[in-house]
Amino acid sequence: MNEQVSPIQLFLLALPVVNATAVLFVPGLVGTTAGRDGWMAPILAPVVVLILIAIFRPMLRRWPQRTFIEVGREALGPWVGGALGILFAGWCLHTAAVVLREFGEVLSSTMLPLTPLTVILLLQVVAVAWISRNGLSALGRCAEIMIPINNVFIVIILLLATRDADFRHLQPVLEHGPGPVLRASIIPVAWFGELVLIAFLWPRLKQPRKGPVALAYACIWIVLVLSFGSAMAQANFGPVVPRLSLPTLVVARMISIGDFLERIEPLLIIVWVADNFVKLSVFHYVTCETIRQSLNLGRASVLAFPAAALMLVLAVAMFEHVTQMSDWLAHVLPLYAPFVEVGVPLICIGAGLLVGDRRSLGSR
Amino acid sequence: MTQSQKSWTGRAAEPWHDEPVSPVVKQNKARLQQVFGSPADLFFREVDAPGGPMVITAYLDGLIDGSRLDRDVLQTLVLESGGPAGTPELPAPGGTALSTLGEVAQQILDGALVLFQEGLTVARAFQIQAYPTRAVTEPEGETSVRGPKEGFIEDLRTNLSLLRRIVRTPNLRLEPMTLGTVTHTKVVLVYLQGLAREQTIAEARSRLQRIDVDSVLDTSTLEELIEDNPWSPFPQLLDTQRPDVVAGHILEGRFAILASGSPTALVAPIGFGVFLQTSEDYYERYWIASLVRLLRFFFASLSLLLPSLYVAVMTYHQELVPTALAMTIARAREGIPFPALIEILLMETSFEALREAGLRLPKAIGQAVSIVGALVIGEAAVRAGIVSAPVVIVVSTTGIASFTMPRFSGAITLRILRFPLLIAAGSLGLYGVTIGLIFLMIHVASLSSFGMPYLSPWSAWSPQGLLDVFLRAPRWQQRRRPQTARRDATARVEYGLGPTGRNGSDM
């Protein structure tokens, strides 16, 4: 594994994995469930990341240079381990396709209503396949340029929105007790669980043990942005929030500074396109890498374009319309995503630790 | 003499190449005349003083110093040939022994005076070259108000001496090699031993040695042959005509390539940020240098993006424009027969044509072209209602922005990339621009210059590395050399060297 990233690059890769989509969707969702206390919901969600760190840490200590797919394949044999790896890759590709579809739906509903969805998605998919083929280092460098700009931009947009913000909308705090907040904090968990991809990339760090730290910092920043975004949506729109599908976008539309900066939501969409590009690239890269490691193939780069094509077809064909997608997101995804996100690493690493000493896994 | 196609490329040695120098001097002369084809400028001078062996000198007129030929060579030969039979010692540098005709021919072509002596099977070469060279002047493309005004010229020896006079250490390595099977161009790899990374230098050396072409007319030939990604629109080596720029770069662990006949040195490994720097930045005070750099970054991005942003916003996202401005633009665009994309493409193309037309014309006519062009395009086209005034403003701002880029080779890249972005903006609006930028970013992030990431100062994310990218921090702040230097040679300035009231004199 000569393709390496630095802890800062990993930190920056982790941000869009959650934020690319969560910044737009989470404020509305938590606002619906927890009302004016919605901004507190993201704070509890990173618990799932703590679970991930707890699972991955023993592996990191034992085999800092190996991914859990490799450990699982070694411990459970090529058939069971490989199957688990393919399951993980399938989840990865599937989730990426869903993300891609969400991306396309938002884009075509806000900016390009007349452009065919396939055209919009095709361009993004080609970009994703290209960077993934060029490797993790290149992706890390891309993230280093794009993600700081994007995050600064999002924070500036949210700060500009303070003009119309009325923070009395956030009071009284915890009117209905902690119940709704706890229930609402389940929502961002789905996004934070996707950070398992970043844990997958830990072995690619120059110092793999810095991985959990980078991820923890990333979680802190993500929580800050999500909380701030939810609070701004609430402060700007108060009880109307549940009726807005993408409150953050409406917040951006409301901005008007000195009759000069007005209606800047297309700029937010631009940032969001770039964020989604990095997020999808991480998914795509991990998909290809997982397939390579599960099947013990030579290079992952040959998989880049086929996997991207599959992703595009899935994204276009999986749902007929947005309503179907929302229904699927609400009812099907929560049933199987956590099992793959947490379950597959747990089985692989657990088996590795159990079998490890007997077969002297670490020797290679 | 029939010369096969193959020998013309000079790759296979010609039959006379390994022929030994004959002890009979007249025969050597005859052979040389045959090999060179009795040209107008190949001169022989026979000295056959009584009592001594016969001596013949051969040289190319125009490559050697006539006065030294008279004073040092002929006088010595005539005066000393009466003495004991031996090899005459000439008061001239050189004296290299040559044993084959090939070596002799090469030395003559290099401008040496070759001396044959009756009875000896070795000839000797004396270096008394003198040929017309241009004066050392300030390069036109890289002028500076403050700082040295020397520039490279076409003569390699002069260029190397300019460098030697700036960096006076035996660690300054000048590795010679000869490239071009026909032109036999001298190429020198310059670096600082102990500061440059060994693997980078080894890579540069092997890439240069791999070159197998007939001619090297300029360092640009080498550039195209040693780039990491030959298809990229981005230059991966910096071209400069200033010795102080080369010195500054090799002091940061980079290497330079100079070639005889070329006033342009190549520098690598570099990142794209280098194309936004000038030597002036380092001679002016850091406040103005930093602010000017930020200005350049801003205008460089404008030169890439402004036309496509205009097209995207005017075609797809009119709501982004402040209301009053949108009204003004709408009024200006009223009655214009073309969509914004076509308007911009028309204007951009004519602007590029205008620039190209004015470039190579004599100065007097060039001005006429630009006046006519400005009048026709700026004034008449708007009056006639063919293009709108905002488009003229956008295109001319873009033109000015691309001129703020101090390095031509970098500015060209952005100029080219502007057009695909324009098409993307016209077809998909801001999404097209963003996707275009993402594609650009993927390419740049995957690019490297001699193993260094092309984005290295940014992607390094070390505060020290960034001190010399967007800003030009004061010298005493730039404590570390960039990544290009060897890892054990990063310390440049000691901590706390900044002038303060405490560590100066008592004043």
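Select Thr178(B): opposite this residue, in β7(B), stands Lys186(B). The model is a predicted one, in which local features need pLDDT of at least 70 and side-chain atom pairs count only at pLDDT 80 or more, while totals for chains, interfaces and linings use all residues. Residues are numbered from 1 along each chain as its sequence is written, and chains are lettered from A and ligands numbered from 1 in the order in which they are written.

Now widen the selection to residues 172-179 and 185-192 of chain B, which are strands β6 and β7. These two strands pair in the antiparallel sense over eight bridges; strands pair if DSSP finds at least two bridges between them. Five residues lie between the strands of this hairpin, and Gly180(B) takes a positive phi near 95° there.

Chain B is more spread out than a compact globule, because its radius of gyration is 30 Å, well over the 23 Å that the globule rule gives for 507 residues. That radius is taken over C-alpha atoms, and the rule is 2.2 Å times the number of residues to the power 0.38. Along the principal axes, the C-alpha atoms of chain B fill a box of roughly 105 × 65 × 40 Å. Of the 507 residues of chain B, 38% are buried, that is, with 20 or more other C-beta atoms within 10 Å of their own, the C-beta atoms being placed from the backbone.

Colour chain B by domain: domain 1 is 5-126, domain 2 is 140-270 and domain 3 is 282-452. These bounds come from an automatic or database domain assignment. Keep domains 2 and 3 of chain B, whose C-alpha centres lie 33 Å apart. Here 20 residues of domain 2 are in contact with 17 residues of domain 3; contact requires C-beta atoms, placed from the backbone, within 7 Å. On the domain 2 side, the largest share, three residues, comes from helix α6 (residues 198-210) of chain B.

Methods. Contact = placed C-beta atoms within 7 Å. Helix = DSSP H or I, 4+ residues; strand = E, 2+ residues; numbered from the N terminus. Buried ≥ 20, exposed ≤ 12 C-beta atoms within 10 Å, placed from the backbone.
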